[in-house]
2 protein chains.
Amino acid sequence: MGNQMTEMLKGTLEGIVLAILARRSAYGYEITAWLRDRGFSDIAEGTVYALLVRVEQRGLVDVEKVPSEKGPPRKVYSLNARGREQLAEFWATWHTLAGRIEQLRHTDNQHDEGA
Amino acid sequence: MGNQMTEMLKGTLEGIVLAILARRSAYGYEITAWLRDRGFSDIAEGTVYALLVRVEQRGLVDVEKVPSEKGPPRKVYSLNARGREQLAEFWATWHTLAGRIEQLRHTDNQHDEGA
DNA sequence: CGCGGTATTAAGCGTTGCTAGGTACCGGTA
DNA sequence: TACCGGTACCTAGCAACGCTTAATACCGCG
């Protein structure tokens, strides 16, 4: 992934993970794999784990330790009420930004009224 | 602006400014004012100037000092060839990310094939 | 003369994603 | 038994970005 995408993920990756958790609970390793499958090819594992720690500390998710048959126990995260609020805010912010940026793309040269 | 927007601007603000410069050359103070008019209400002035310094150092813009009748001389920035390339890359990255995120919004529960 | 608008710059901070490395559990194989 | 690879998680240190705050400088107006 170019560093352009890296920078753009700042501020959106959290929303992405929250959106994933909104559909079903999941653990870090699973989320990373899922992300890779979905085209976010080079998101580092460490990044996902660090993010999960952050959202847990902010109280956006609930955590449950579940034993695994194939390795160490999994930390299964599920979105709680606070997390759902945060996710809603994320979508609002995202659509605001996306709207403004698309405007920027389509507007041609009529931006003189602001200068 | 909430810090959600602040984080989301990381990686996109540069593209936004480049897109503005693609339409016409401008100086920092002007760009800031223009941004405010467009709804990016709370983008700090310092942020824009710092960003302009960065894109100048990376050779994406040409600079010309133009005397002002109302204050100190203006540094007028204009997008050059490298800058236009970078802008194209920005749009590509943006649309890739936006596409994936919109998918995330619309997909319902059929993400089992990846797990 | 001071104030406010114009215009730019710089230092220091917090947040974020990445790199790189380590820990731990388990089954299969030599 | 010993080792390796897949599963699963964590941490320290780094770089990039936007924000805060403050300073500098030019100008016209009261």
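## Surface near DNA strand D

By class, the surface near DNA strand D holds 14 nonpolar, nine polar and eight charged residues, where Ala, Val, Leu, Ile, Met, Phe, Trp, Tyr, Cys and Pro count as nonpolar, Asp, Glu, Lys and Arg as charged, and the others, Gly among them, as polar. A residue is near a strand if its C-beta atom, placed from the backbone, lies within 6 Å of it. The model is predicted, so that local features need pLDDT of at least 70 and side-chain atom pairs count only at pLDDT 80 or more, whereas totals for chains, interfaces and linings use all residues. Residues are numbered from 1 along each chain as its sequence is written, while chains are lettered from A and ligands numbered from 1 in the order in which they are written.

Around DNA strand D there are 31 residues, of which A:Gly46, A:Gly71, B:Leu13, B:Gly46 and B:Thr47 come nearest. Two or more residues each are given to this surface by H3, H4 and S3 of chain A and by helix H1 (3–9), helix H2 (13–23) and H4 of chain B; helices (H or I, at least four residues) and strands (E, at least two) are DSSP runs, numbered from the N terminus.

## Surface near DNA strand C

DNA strand C is surrounded by 29 residues, the closest being A:Leu13, A:Gly46, A:Thr47, B:Gly46 and B:Gly71. H4(A) gives the most to this surface, with five residues, and the residues there divide into twelve nonpolar, nine polar and eight charged.

## The sheet of chain A

In chain A, three strands form an open sheet in the order S1-S3-S2, with antiparallel pairing; two strands pair if DSSP finds at least two bridges between them. Its edge strands, S1 (26–27) and S2 (61–66), each pair on one side only. Six bridges join S2(A) to S3 (residues 74–79) of chain A, and A:Lys65 stands opposite A:Lys75 in S3(A).

H2(A) packs on this sheet, touching S1, S2 and S3 of chain A, and its direction makes about 90° with that of S3(A). Axes are lines fitted to C-alpha atoms, for helices over the stretch in contact, and angles run from 0 to 180 degrees between N-to-C directions.

## Contact between chains A and B

The contact takes 30 residues from chain A and 29 residues from chain B, two residues being in contact if their C-beta atoms, placed from the backbone, lie within 7 Å. On the side of chain A that touches chain B, H5(A) gives the most, with nine residues.
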